[in-house]
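Here is a short note for a colleague who is seeing this structure for the first time. Please read the points below with the model open beside them.

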Amino acid sequence: MLILARRPGERVVIGEDILVTVMEVSASTVRLGIEAPRGVSIFREEIWLAVREENRAAAEAQADALPSAPIDEVRGEPAATAGEVSSKDETGPQPEASPQPREAPQGGSSSQD
Amino acid sequence: MSVTFQSIRFGEVQVAEQDVIEFPFGLIGLGGSRYTLLDRNPGTGFLWLHSVEEPALALPVVPPEPFFSEFSLHMAPEDVERTGIEQGADVKLYVTVRATPNPLDITANLRAPLVIHEGRGYQVINANPEAQLQAPLFVLSDETARIAS
């Protein structure tokens with residue numbers, strides 16, 4: 001592993017077109033700004049690991065694993081809405097590696113459907 | 001024009017060329033670049049997102065709306081840029097499903113939905129803090145009251 005010491009405002013260049021900027025350093029948090037081409041996916045590691053695990057588990061389903069009866073015969077009521085059943089955060093605390101993602105793009109937070 | 005591919009689950013499958021969805025970045029941890037949606041359980045809402053290139057690569061998905069009425073997707077600015085999908089665009093949404101023998105144990109991943117737009121698909125991270133990684137798909141009627149209380 002390459003280990004570099006950087007000060008706020010200094011950057012690391014990876015390859016020809018990936019720039020990592022140290023934005024801010026505080027007691028236990030480093031804020032990083034990452035500039036990369038569109039084709040490069042960037043994730044917080046713990047989220048990436050959790051989603052990979054869900055995808056892999058989902059892909060293990062056998063052909064007959066799904067309910068064969070229409071939904072209304074299987075369930076009583078729709079499941080509780082997201083966030084109501086469990087408040088446990090599966091991904092743990094989010095490092096402040098980038099600006100808080102709570103704001104949806106274009107200034108509003110509405111669903112895409 | 002149609003596309004024929006092999007599936008370890010369903011044998012030989014034929015779909016229309018326009019039903020093939022390109023996933024430029026694949027699925028997280030699974031890869032795959034060309035998928036299609038198979039309706040093998042009509043009326044249930046469950047579909048199979050099936051690779052047209054890898055016979056073993058397929059996973060169950062559902063549209064979130066019928067199951068999670070308050071589901072909403074918040075795309076981070078970097079995902080909007082990466083996918084080129086603007087807020088309010090005409091998209092189809094699906095969430096991956098962990099199938100289990102007991103329907104009450106089936107969960108859906110609301111944290112990383114699939115966004116499909118004009119023949120292209122992306123798995124994005126839902127920045128909505130309420131989106132669960134393992135959201136139960138079904139609950140019993142009487143349990144609904146119990147859980148809510």
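1. The cover over the buried residues of α1(A) includes β6 and β7 of chain B. This is a predicted model, and the points below should be read as describing that model. The buried residues of α1(A) are A:Ala50, A:Val51, A:Glu54, A:Asn55 and A:Ala58. Viewed down the helix axis, they fall within an arc of 135°, so they line one face of α1(A).

2. Helix α1(A) has 14 residues. From its first C-alpha to its last it reaches 20 Å, close to the 20 Å expected at 1.5 Å a residue. A:Glu45 belongs to this helix, which runs over residues 45-58 of chain A. Is A:Glu45 buried or exposed? A:Glu45 counts as exposed, because it has 10 C-beta neighbours inside 10 Å and the cut-off for an exposed residue is 12 or fewer. A:Glu45 lies 25 residues from A:Val20 in sequence, and their C-alpha atoms are 16 Å apart in space.

3. The strands of chain A come next. Strand β1 (residues 11-14) and strand β2 (residues 18-25) of chain A pair in the antiparallel sense, over four bridges. The two form a hairpin with three residues between them. In the turn, A:Gly15 has a positive phi of about 60°. A:Ile14 has A:Ile18 in β2(A) as its bridge partner.

4. β2(A) also pairs with strand β3 (residues 30-35) of chain A, in the antiparallel sense and over six bridges. Here A:Leu19 stands opposite A:Glu35 of β3(A). β2(A) and β3(A) form a hairpin too, with four residues between them.

5. Chain B has two helices and 12 strands. Along the sequence, their pattern is β-β-β-β-β-β-α-β-β-β-β-β-β-α. The C-alpha trace of chain B spans about 55 × 40 × 25 Å along its principal axes.

6. Of the 149 residues of chain B, 48% count as buried. Among contacts in chain B between residues at least 6 apart in sequence, 48% join residues at least 24 apart.

7. The largest nonpolar core has 51 residues. Which of them touch the most other members? They are B:Leu49, B:Val61, B:Val62, B:Val97, B:Ala108 and B:Val115. The elements giving two or more residues to this core are α1 of chain A and, from chain B, β5 (47-51), β6 (58-62), β7 (92-98), β9 (114-117) and β12 (138-139). As a general matter, nonpolar side chains in soluble globular proteins tend to be buried together.

8. B:Ala108 is one of those core residues. Leaving aside neighbours within four places in sequence, B:Ala108 is in contact with B:Val62, B:Phe67, B:Val95, B:Thr96, B:Val97, B:Ala135 and B:Leu137.

9. One backbone angle is worth checking in the model. B:Glu118, a residue other than glycine, has a positive phi near 50°. Most residues other than glycine have a negative phi. B:Glu118 sits in the loop between β9 and β10 (120-123) of chain B. B:Glu118 is exposed, because 12 other C-beta atoms lie within 10 Å and 12 or fewer is the cut-off.

Methods
Residues numbered from 1 in each chain as written. Chains lettered and ligands numbered in written order. Predicted model: local features only at pLDDT ≥ 70, side-chain atom pairs only at ≥ 80, totals over all residues. Buried ≥ 20, exposed ≤ 12 C-beta atoms within 10 Å, placed from the backbone. Core = buried A, V, L, I, M, F, W, Y, C linked by C-beta atoms within 7 Å. Contact = placed C-beta atoms within 7 Å. Pairing = 2+ DSSP bridges. Expected span 1.5 Å × (residues − 1). Arc of directions from axis to C-beta.
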